[in-house]
Amino acid sequence: MDTDERLALTTRHTREVVTEDELAALFEDGDPSAYIGYAPTGEMHIGHFTTMRKLADFLQAGIDVTVLIADLHAHLDDEKSPFDLLDARSEYYEAAIEGMIEAAGADPDDIEFVRGTDFQLDEEYSLEMYRMAAETTIARSQRAASEVVRESESPNLGGLIYPLMQTLDVKALDADIAYGGIDQRGIYMLSREVLPDHGGESPVCLFAPLLSGLSGGKMSASDASSKVNLNDAPDVVEEKIGQAYCPQGEREDNGVLEYLEYLVFPVLAERGEDLVIERPEEYGGDLVYGSYDDLEADFLSGDLHPADLKPAAAAAISAVIDPIRERLDANPELLEAAYPEKYDQ
């Protein structure tokens, strides 16, 4: 695979790359390393899966991949995870991520998993964090983390330390590429700015899009109906997609289309499968799509009605998450230990 092919594979289905020229240079030099960090807070959902699916592309492109289970970050962000639940939630996140990677067609054994507490308490890391804190204003730290950390009029100090630690993670994990959702952009732009002054290098940054919620607008962690959870049963997925915001001929804030574009079709492509939409003969018969672009064109033109799209989308989404659902259902103790207030009843 030459540099152009590796570049195309790595950057497809991303929102932004900073910068493609730098990424191409990394490929010319050999096999770069990438990392993505996840703070184990709430239950993982299909929005995480669309981001994780890219790791299969990274591996295929010859990139060494590390997944950071950022347990300390989870507690620093307004205590979204109580300290005594960090281990249980980290274990659940690792199992769920392994399931997502496998469902995307890659081998989770090819990915290195690291927890923040494995290195973020080391003397060298701590000293560098203090140095960085001495050089970074409160306003700069708040601005960097504004899309990630829960904001308030009187923020906790942990939320200000959060972006500094994430910046140092790039250096500590020796990552050439920092990957995450587009909401991480502010933090990684801080990383590119300050890391050279702290013994590191400015990382190449790849950002994944954030999916719209099924009710339209931004996906909400607190609104169960706005997202598909990884352990949702098929009938629950069908109900959520059936009630989803999906006006005929409209693309904006259409979570159903985004699920198809960023998750279903890439996974189907890996499997060499098409998406079949069943329709009665009186309405034109079945439709078969080998690419998302063709489906979107028909939807926008009115040739594909939401009433026909939704059942097929629900079935396809359910099939894509099925291996993850089976893995989690086979180990119910993971969720029970991670979220005792919900599952341990």
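**Exercises on a predicted model**

A25 is partly exposed, with a relative accessible area of 37%. Keep in mind that this is a predicted model. Let's work through some exercises together.

**Exercise 1.** Work out which residues form the negative surface patch and which helices supply them.

*Solution.* First, list the members: D2, D4, E5, E28 and D29. Then turn to the helices: α1 (3–11) and α2 (20–29) each supply at least two residues of the patch. Now place D2, which sits in the segment before α1. D2 has a relative accessible area of 43%, so D2 is partly exposed.

**Exercise 2.** Describe how strand β3 is paired and how far it is enclosed.

*Solution.* Begin with β2 (residues 33–38): this strand pairs with β3 in the parallel sense, over six bridges. One of the partners is I69 in β3, which is bridged to Y38. Move on to β4 (residues 112–115): four bridges join this strand to β3, and the two run parallel. Here I69 stands opposite R115 of β4. Last, consider burial: β3 (residues 64–69) is largely enclosed by the rest of the structure because five of its six residues are buried.

How values were computed. Residues numbered from 1 in each chain as written. Predicted model: local features only at pLDDT ≥ 70, side-chain atom pairs only at ≥ 80, totals over all residues. Heavy atoms only, no water. Patch = residues over 30% accessible without salt bridge, like charges linked within 9 Å, V, L, I, M, F, W, Y side chains within 5 Å. Areas by Shrake-Rupley, 256 points an atom, 1.4 Å probe, with all protein chains shown as cover. Salt bridge = Lys/Arg side-chain N within 4 Å of Asp/Glu carboxyl O. Lys, Arg positive; Asp, Glu negative; His and termini not counted. Charge placed at Lys NZ, Arg CZ, Asp CG, Glu CD. Buried < 20%, exposed > 50% of the residue type's maximum accessible area, 1.4 Å probe, protein only. Pairing = 2+ DSSP bridges.
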